[in-house]
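Here's a quick tour for anyone meeting this structure for the first time. Have a look at the sequence and the 3D view, then read on.

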Amino acid sequence: MKELPLCPVEVSLSMIGDKWKVLILRELMAGTKRFGEILGAINGVSQKVLTQKLREMESDGLLNRVAYAEIPPRVEYSLTDMGKTLSPVLDSLKEWGEMYRKMESES
């Protein structure tokens, strides 16, 4: 088990503090998705970076990866119970973003 920072905010940021991980969470909140679906839904992420972030999130216990022994291979990703607990965090980020956009459009 990796050593975590003492500060709870720092722990949270170490788990989801990069934009790609937050966007992956956003996509998986809706349910199980395949790699190509996630890649297509996140603008600007490369296959290499998406693969790296998915592996990190799996290692951190935020998502499940299931590979099916088929040809061609099929891999599906879904949130773990721990990953699902981030739903209120994403909801808050969405609300804040909507509020900020509204304020900016009014100024």
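A word on terms before we start: the axes used here are lines fitted to C-alpha atoms, for helices over the stretch in contact, and angles between them run from 0 to 180 degrees between N-to-C directions. Keep in mind that this is a predicted model.

**α2 against α4**
- Helix α2 covers residues 19-28 and helix α4 covers residues 47-59; the two pack at an angle of about 75°, with their axes 10 Å apart.
- Angles of 65 to 115 degrees count as roughly perpendicular, so α2 and α4 are roughly perpendicular to each other.
- On the α2 side, the contact uses Trp20, Lys21, Ile24 and Leu25, and these meet Val49, Leu50, Lys53, Leu54, Glu56 and Met57 in α4.
- Sorted by class, the residues of this α2 and α4 contact are 7 nonpolar and 3 charged, with no polar ones.

**α1 against α2**
- Helix α1 (residues 8-16) packs against α2 at an angle of about 75°, and their axes are 7 Å apart.
- That angle means α1 and α2 are therefore roughly perpendicular to each other.
- From α1 come Ser14, Met15 and Ile16, while α2 brings Lys21, Val22 and Leu25 to the contact.
- The α1 and α2 contact has 4 nonpolar residues, plus 1 polar and 1 charged.

**A cis peptide bond**
- Going from Ile71 to Pro72, the peptide bond is cis, and its omega is near -5°.
- Where does Pro72 sit? Pro72 is in the loop between β2 (63-68) and β3 (74-79).

Methods. Residues numbered from 1 in each chain as written. Predicted model: local features only at pLDDT ≥ 70, side-chain atom pairs only at ≥ 80, totals over all residues. Heavy atoms only, no water. Helix = DSSP H or I, 4+ residues; strand = E, 2+ residues; numbered from the N terminus. Parallel < 35°, antiparallel > 145°, perpendicular 65-115°, else oblique. Contact = heavy atoms within 4.5 Å. Nonpolar A, V, L, I, M, F, W, Y, C, P; charged D, E, K, R; others polar.
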